[in-house]
Amino acid sequence: MDFEDLFNTPRKMRIAGLSLAFMLAFPMYFALVPTILDNELIAGGTGPSGDWEVTFTETDIATSESTEFLMDGEEFIFEFTFADQNPNLAYVEIIVSHDETDESGANPLAQDQCDNAVGEMRMGQVNEFVRSDSTTTGDSGSPNNCPASYTMVIILIENYTGDSYQTTGSKGTIQNMWVDNGNGRGQYRCQITLETRTGDNPGPGPSPGPTSNNEDGEEITVSWRVVGVEVSVTPVLEVGIS
C-alpha cells in the first residue's frame with residue numbers, strides 16, 4: 001500500500017487525524033496526572049492510602065531586629081508585621097536579649113545584677129495561632145546570669161513539632177494536617193517592661209543602699225524569625241527478607 005493510500009478519502013483522513021491527536025495527547029496526559037493528583041490532595045482530596053513517612057523542611061521566610069533603650073519601669077511595644085499569604089508557615093520565633101550595660105556606682109565592690117526584661121506578646125492583631133502550644137510570656141531569669149536572653153514561639157499549625165514520623169492513612173488527609181490555614185498573618189506586638197536591679201552590697205548594711213550601683217535603664221533587643229515549612233509524604237519502603 002502506498003503512503004498516499006492512507007489519505008485518499010475523507011474517512012481515511014479523519015482516522016489519521018484522530019490517531020495523530022491521540023498519539024500527542026497520550027504522553028501529555030501521563031505528564032499531567034501527577035500534578036492533577038497533587039492539586040486534588042491540597043484541595044482536600046484523599047488520594048491513595050498506605051503507610052507513609054512524613055518529613056518537614058523548614059525555611060526562614062522573614063527576619064527582623066530592633067533595639068530600644070528602656071528606663072526602669074518603662075513599657076515599650078516592639079512591632080513586626082507579616083502579611084504574605086503564599087508561604088506555609090510553621091511558627092514565629094521571638095528572641096528578647098540584653099546585656100548589663102549601665103551598672104556602676106560609688107562602691108566598686110558591689111556585685112552586678114542582671115536587669116529583667118519582662119516580655120508579653122500582644123496577639124490581638126494576628127489572624128489566629130495555636131494558643132495551647134505557643135509561648136507568649138518570658139523574662140530574663142536569674143539576676144546572676146547576664147547577658148540574658150529568652151525565646152517566645154508562636155505555633156501556627158496544630159500539633160506541629162517539626163519531627164519526622166510514620167503513619168498509616170490517605171496521603172491527602174495527612175498533607176492537609178500540616179497547612180497553616182492562613183494563620184499567623186498580621187501585626188505581632190511584643191511588650192517589654194524593664195525591671196532594673198541595682199546590685200548587692202557585700203558585707204553588712206542595707207542592700208541596695210547608698211553605695212549600691214546606679215541604674216538608669218537597659219538596651220533591649222527583640223529579634224523576629226518567621227519560619228515556613230514544606231511537608232513531604234512518601235511511601236514507607238518495605239524491606240524484604242533475603
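Select Asn-116, which counts as buried because its relative accessibility is 6%, where buried means under 20% relative accessible area, exposed over 50% and partly exposed in between, with a 1.4 Å probe and protein chains only. This is a predicted model, in which local features need pLDDT of at least 70 and side-chain atom pairs count only at pLDDT 80 or more, while totals for chains, interfaces and linings use all residues. Residues are numbered from 1 along each chain as its sequence is written, and side-chain values use heavy atoms, with hydrogens and water left out.

Next, show the residues in contact with Asn-116 (heavy atoms within 4.5 Å) once its neighbours within four places in sequence are left aside: Asp-139, Ser-140, Gly-141, Thr-193, Leu-194, Glu-195 and Arg-197.

Now widen the view to strand β5, residues 116-122, in which Asn-116 lies; strands are DSSP runs (E, at least two residues), numbered from the N terminus. This strand belongs to an open sheet of four, ordered β2-β9-β5-β6 with antiparallel pairing, and its edge strands, β2 (75-82) and β6 (137-138), each pair on one side only. Two strands pair if DSSP finds at least two bridges between them; β2 and β9 (residues 186-195) are joined by eight, and Thr-81 has Gln-187 in β9 as its bridge partner.

Finally, colour by pLDDT, the predictor's confidence in each residue from 0 to 100: the protein averages 83, with 67% of the residues scoring at least 70, whereas residues 39-44 stay under 50, and the model has 10 contacts beyond four places in sequence for them.
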